[in-house]
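Hi everyone, thanks for coming.

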Amino acid sequence: MSTAKGTALQLTPQAEIVTWPETHYVYIEKVGPFQDTAQQAWTELHKLVPVISEHNKITGYTSLYKVEPKIYRAGVSLSAEPKNLPAGLRYEKFQGGRYSRFVLTGPYSNLPEACGRVFQMVGEQKIQVRDDFFIENYANDPRTTPEAELITQILIPTA
């Protein structure tokens, strides 16, 4: 795989240990290969964001996923427990916890390559992974941030 426009992958080489906070999380869940489900989940979620925002304060955009079985959640974090959610959305108070964080700078199209590299580094760095959701946190807004400056935190649940 190659990165967008032939540029080098801008990914931190070492994990930073962080604690992900407990989060009010509203999402759409899809099961199956991520290349089939991720974009579909985000497309559906983005259509509902204006309705979610009518009664709730969105504080971030985040995907949670498990590699086996292949579960993908496209979602938003909220400042409080949700009110008046549109049909088709699910809610959970995600417990968070200890994570190893890698940071990708650049377009979202680099995420498949970056995630592959992160999983390789997890093995090389002998990071003990616990059975929980992996996180992709989209730290800035793609509507106002140039593609080359997008920041995505890739978080690995760490024992």
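Phe 34, Tyr 65, Tyr 72, Phe 119 and Phe 134 form one aromatic cluster. A quick word on the basis: this is a predicted model, where local features need pLDDT of at least 70 and side-chain atom pairs count only at pLDDT 80 or more, while totals for chains, interfaces and linings use all residues. Residues are numbered from 1 along each chain as its sequence is written, and side-chain values use heavy atoms, leaving out hydrogens and water.

Back to the rings: the structure holds 8 aromatic pairs (ring centres within 6.5 Å; planes under 30 degrees apart are stacked, over 60 edge-to-face, the rest tilted; for Trp the six-membered ring is used). One of them joins Tyr 108 and Tyr 138, edge-to-face, at 5.4 Å centre to centre with 70° between the planes. Tyr 108 sits in the loop between E7 and H2 and Tyr 138 in strand E8, so the pair ties together parts 30 residues apart in sequence (helices, H or I of at least four residues, and strands, E of at least two, are DSSP runs numbered from the N terminus).

Lys 66 lies over the face of Phe 133, 5.0 Å from the ring centre, and Lys 70 lies over the face of Phe 34, at 5.7 Å (NZ of Lys or CZ of Arg within 6 Å of the centre and within 35 degrees of the ring normal).

Finally, which residues does Leu 11 touch? Among them are Phe 102, Val 118, Met 121 and Ile 154, not counting residues up to four places away in sequence (contact: heavy atoms within 4.5 Å).
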